[in-house]
Amino acid sequence: MRLLFKYLLFLAVIQFTATVQPLFAQEITAVIPGDFADPSIIRKGNEYYSIGTSSEWAPHFPIFKSTNLKTWKQTGYVFKQTPAWANASFWAPEYYYHNKTYFIYYTARRKKDGISCIGVATSKYPDKDFKDHGIIIEYGKEAIDAFVFNDKGQLYITWKAYGLDGRPIEILGSKLANDGLSLIGDAFTMMKDEKGIGLEGQSILKKDDYYYMFYSVGNCCGSKCDYNVRVARSKTFQGPYENHPKNPLLYENDWWKCAGHGTFVNSPEGKSYYIYHAYNKASSVFTGRQGMLAELIWSGKNEWPGFKELSPTLTKSSANNFKANFSTQNPSVDWQWDFRNSTPKLAHQKGNLYLSGNIKKENNAGIALTIRPSHLNYEMTTTVVNTNNALKGLVIYGDANAALGVGIVANKVQFWMVKDNKETILNTSIIDNPEIPVQLKMLVKSDLTCRVYWRQKSLDWKELSLDDKAHSIEFLPQWDRSPRPGLNFKGASAEDAQFSSFELNYLDK
């Protein structure tokens with residue numbers, strides 16, 4: 001009898017293992033890889049558009065397009081020029097369509113005092129020609145995370161307040177004028193963070209007899225984040241809202257952590273999907289909060305909802321490799337830069353990229369023309385074709401105070417670092433004939449180290465790393481954004497850097 005029991009137990013274990021293994025083997029991957037926090041989404045016919053936080057990178061608020069919600073291509077930005085009233089922290093843009101007009105409600109810091117306010121821009125198109133209308137909400141020390149809802153013909157706008165006021169955070173609401181450009185009446189409280197666990201990134205749906213508010217709690221950003229998505233409901237739009245007893249709905253799994261701040265879209269087939277962000281556990285803050293997708297599931301009338309996390313069919317990292325094409329008329333839409341510390345000038349001429357511009361005096365890292373990395377394990381290469389006294393090369397840029405790069409200065413190759421706003425030349429090599437184009441390479445590994453190389457005439461690579469050792473990049477990430485690889489220029493405004501190639505390739509190991 002005991003032998004029979006052991007045999008049956010063995011069969012049960014085998015059957016259970018065969019059942020669960022595929023679930024753990026199927027990694028959930030990002031639908032919009034790379035730093036793309038606080039995403040919002042909208043559908044026009046069979047096309048989907050999504051925008052996300054750009055923080056201190058310009059152009060502001062990248063726009064992506066998809067026909068299937070799983071493969072996306074960047075098409076542009078909401079703002080090519082910084083709105084006149086703002087100067088930092090471009091967060092949480094929110095789509096809304098009304099009166100044949102696309103609205104984007106967004107957060108930025110007001111130039112005159114640094115307070116986060118909510119602005120609004122409009123266009124007849126979902127992905128271009130947005131006109132800024134300035135601030136729509138200024139509220140105390142902080143107003144962020146706008147969300148608009150139409151309740152029986154009356155528009156409402158909601159936002160997070162009191163995050164910096166030494167009192168419980170609240171989700172506030174107000175009536176919104178029919179033109180979408182001004183508030184009506186007094187603000188009202190919809191939900192309050194009595195437990196002090198955080199409250200933001202709200203998105204509201206009406207289903208059967210209830211209004212459902214999906215929101216995020218916890219620490220949103222950085223390596224110590226604990227963000228997660230929860231839901232509460234109310235019989236009225238204004239509340240009070242009752243929390244789901246089984247919260248949270250989206251949280252840490254085997255591959256991803258700190259899920260949060262998303263919005264919904266309905267497919268032509270009537271399904272509801274939620275686009276949100278999360279950190280990949282393997283690369284964490286070095287690739288930022290990436291765009292994720294989940295399907296909203298309802299089990300019955302007036303029942304609480306749940307999420308089914310989704311994985312796209314495209315999972316190979318090589319699919320995200322980037323190779324710049326300098327023979328086109330305009331530079332790639334993928335490029336971004338730190339608009340607070342430099343103003344780059346880009347031009348394509350005779351198959352080369354010309355990079356120059358103005359650099360703030362206190363910026364020791366120069367201009368960094370970067371792209372959003374989707375994985376941590378990569379190498380990037382470029383070819384510098386001109387000679388002058390400016391620094392011209394490659395960079396991994398976290399901020400003007402935190403960067404690591406390799407570049408050409410006159411007849412020297414320099415491996416350099418800016419840390420805590422102090423520039424250090426880590427190693428130098430002499431170029432015998434600087435008139436010959438120089439190839440540069442930076443190799444970034446998943447152990448958070450970097451090596452740099454150079455060569456001429458396609459000869460063997462010469463390593464320039466400090467004492468032939470890999471250099472740590474752990475100091476690079478900023479709290480709300482990932483460090484980015486790209487091209488670098490540091491010199492006088494009359495000088496430039498000329499590049500004939502740039503590639504970023506992700507490595508399997």
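Trainee: Hi! How many bridges join strand E7 to E8?

Mentor: Glad you asked; keep in mind that this is a predicted model. Strand E7 covers residues 101–110 and runs antiparallel to E8. The number of bridges joining E7 to E8 is eight.

Trainee: Which residue takes a positive phi in the hairpin of E7 and E8?

Mentor: Look between the two strands, where the hairpin has five residues. The phi in question is near 75°, and the residue that takes it is Gly114.

Trainee: And on the other pairing, what is the bridge partner of Thr122 in E9?

Mentor: E9 spans residues 131–137 and runs antiparallel to E8, with four bridges joining them. In E9, the partner of Thr122 is Lys131.

Trainee: Why is E8 largely enclosed by the rest of the structure?

Mentor: In a regular strand, side chains alternate between the two faces of the sheet. Here Ser116, Ile118, Val120 and Thr122 point one way, while Cys117, Gly119, Ala121 and Ser123 point the other, and all are buried. Buried means under 20% relative accessible area. E8 is largely enclosed because the count of its buried residues is eight of eight.

Trainee: Let's turn to the second largest pocket: which element gives the most to its lining?

Mentor: This pocket has a volume of about 770 Å³. Of its 32 lining residues, those closest to the centre are Pro59, Tyr77, Lys80, Gln81 and Trp337. Strands E5, E24 and E25 each give two or more residues to the lining. With six residues, the element that gives the most is E24.

Methods:
Residues numbered from 1 in each chain as written. Predicted model: local features only at pLDDT ≥ 70, side-chain atom pairs only at ≥ 80, totals over all residues. Heavy atoms only, no water. Buried < 20%, exposed > 50% of the residue type's maximum accessible area, 1.4 Å probe, protein only. Pairing = 2+ DSSP bridges. 1 Å grid on protein atoms, 1.4 Å probe; cavity = no way out; pocket = protein on both sides within 12 Å on 5 of 7 lines; lining within 4 Å. Points joined across faces, edges and corners; volume = space filled by probe spheres on them.
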